[in-house]
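Work through the exercises below with the sequence and the coordinates at hand. Each task is followed by a solution in steps.

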Amino acid sequence: MDIESQVIVRPARNVRGSVSLPGDKSISHRYAMLAAIADGPSRLENYSTGADCASTLGCLGSLGVKWERKTEGGHVIEVQGSGLSLSAPRQPLDCGNSGSTIRMLSGIVAGQKFGTEMAGDESLSRRPMERVITPLKAMGAEIASQNGRPPLRIAGGNLKGINYQMPVASAQVKTCLLFAGLLADGETRIEEPMRTRDHGEVALRAFGAQLERNGGAVSILGGQRLRGIDALVPGDLSSAAFFLCAAALFPGSQITLPGILMNPTRARLLDILVQMGLKISVSHLEEQHGELIGTIDAHGAAWTKAVIAGADTAALIDEIPVLAAIAPYSEGGLEVRDGKELRVKESDRIAAVAANLRKMGAEVEERPDGMVIHGGQHLHGAELDSFGDHRIAMAFAVAALRAEGESTIVGADAAGVSYPAFFEELHRVTSS
Ligand code: S3P
């Protein structure tokens, strides 16, 4: 075990302060990919510092795209667009831990007239890819996989538009197909079973493409040229969730998060936290390239029962681990339903949450597609496993703040996938 990757979290008395979050992961991936196939240069400020978004840049470099980090911390990226055609890679693309990279970029490489192999780490090699393979094959790509899992070998070119009903609600799949649709002949129409985050659509429009939305369907016409943009990536709301949940643990807490993404397809988290009793206000709202940005102020308060089900589960899919991790401290607890997808994320997030909560002495009812966690429980510190999953590492660092005695997060470096500075920032705003 790598000793470096252990972090000790001590119980806190309060959370107070202001945190600037790294650029939103979903938007960073999409901006980088579209900048790569746009005409002319793009400048992306507050690009995510996480390893996942670096994987996307690495893959784009292997596809002949020139990009550069303009600042020391690497938050400003300049990408020289290659136009719609990229160059054949000399080696397999390394997508690391990033499901977003492999799924969304597969839509772009499927539209290129060369073969590409895409692979990733052990966790990514277990994740289901049929959801992109089936529709991309229907568009004319040839794809080989390991029983529907990475590595993927994609022979692209000559795509034709399709009319596709997505069986799984997934923004990654929707974006993959919109990217492929841009490179295909004719129109591609995608219907989603439930509204998912719309950053793919918003980003395509920002780069100059035209799309049409009709109820639950979105269409794009192939062959449209994109133009490079200068953009600021809003702070990541899914990373902000850890600080908001930390604030929810202490009645006297106060946290300010400036420049955070407020896109309505992501902001369900705020409604749920308000329902649960956190006092939240949003100010300085502005729009940047179609994305809403604002400053969040939150104050801790009592937390009542919450049920997350149906469309809410899809909308909160990345925040459920931290909501579940703090649920035992609430008055009313939390029930999560319709969350089968949680089992095929970077880890099986239902099993991971249940295992760690039990180590802390909590009672958890694990279900095939969700969990029930009663409120009013008393937790103790423990050795907690990240299961190699960034959101599990961060969720349990937050849960550990209210436990009795200290906790060790083993595999804490997983947080670097989306938020390398997380532990320092959490430490900075907590007082013991
Ligand atoms: C993402 C969509 C979600 C989410 C992931 C990022 C995106 O995945 O869990 O962290 O940027 O589109 P699914 O599309 O698999 O639901």
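**Exercise 1.** With which side chain does the side chain of Glu346 make a polar contact? Is Glu346 buried or exposed?

*Solution.* The model is predicted. Start with the position: Glu346 belongs to the loop that runs between β19 (334-336) and α11 (349-359). Next, look for a partner of its side chain: the side chain of His390 makes a polar contact with that of Glu346, at 3.0 Å. This distance falls within the 3.5 Å cut-off for a pair of N or O atoms. Last, take the relative accessible area of Glu346, which is 7%. Buried means under 20%, so Glu346 is buried.

**Exercise 2.** Which residues surround the ligand, and which helix gives the most to the shell?

*Solution.* List the shell: Lys25, Ser26, Arg30, Ser100, Arg103, Ser170, Ala171, Gln172, Arg197, Ile317, Asp318 and Lys345. At least two shell residues come from each of α1 (25-36), α3 (99-109) and α5 (171-182). With three residues, α1 gives the most.

**Exercise 3.** Find polar atoms of the protein that lie close to ligand oxygen atoms, and state how much of the ligand the protein buries.

*Solution.* Begin with side chains. An N or O atom in the side chain of Ser170 is 2.6 Å from a ligand oxygen, and a polar side-chain atom of Ser26 is 2.7 Å from one. Turn to the backbone: an N or O atom of Ala171 lies 3.1 Å from an oxygen of the ligand. For burial, the ligand taken alone exposes 380 Å², and the protein buries 94% of that. Finally, the space that the ligand takes is the largest pocket.

Note on methods. Residues numbered from 1 in each chain as written. Predicted model: local features only at pLDDT ≥ 70, side-chain atom pairs only at ≥ 80, totals over all residues. Heavy atoms only, no water. Near = heavy atom within 4 Å. Polar contact = N/O pair within 3.5 Å; in protein donor to acceptor, adjacent residues only side chain to side chain. Areas by Shrake-Rupley, 256 points an atom, 1.4 Å probe, with all protein chains shown as cover. 1 Å grid on protein atoms, 1.4 Å probe; cavity = no way out; pocket = protein on both sides within 12 Å on 5 of 7 lines; lining within 4 Å. Sits in = over half its atoms within 2 Å of the grid points. Helix = DSSP H or I, 4+ residues; strand = E, 2+ residues; numbered from the N terminus. Buried < 20%, exposed > 50% of the residue type's maximum accessible area, 1.4 Å probe, protein only.
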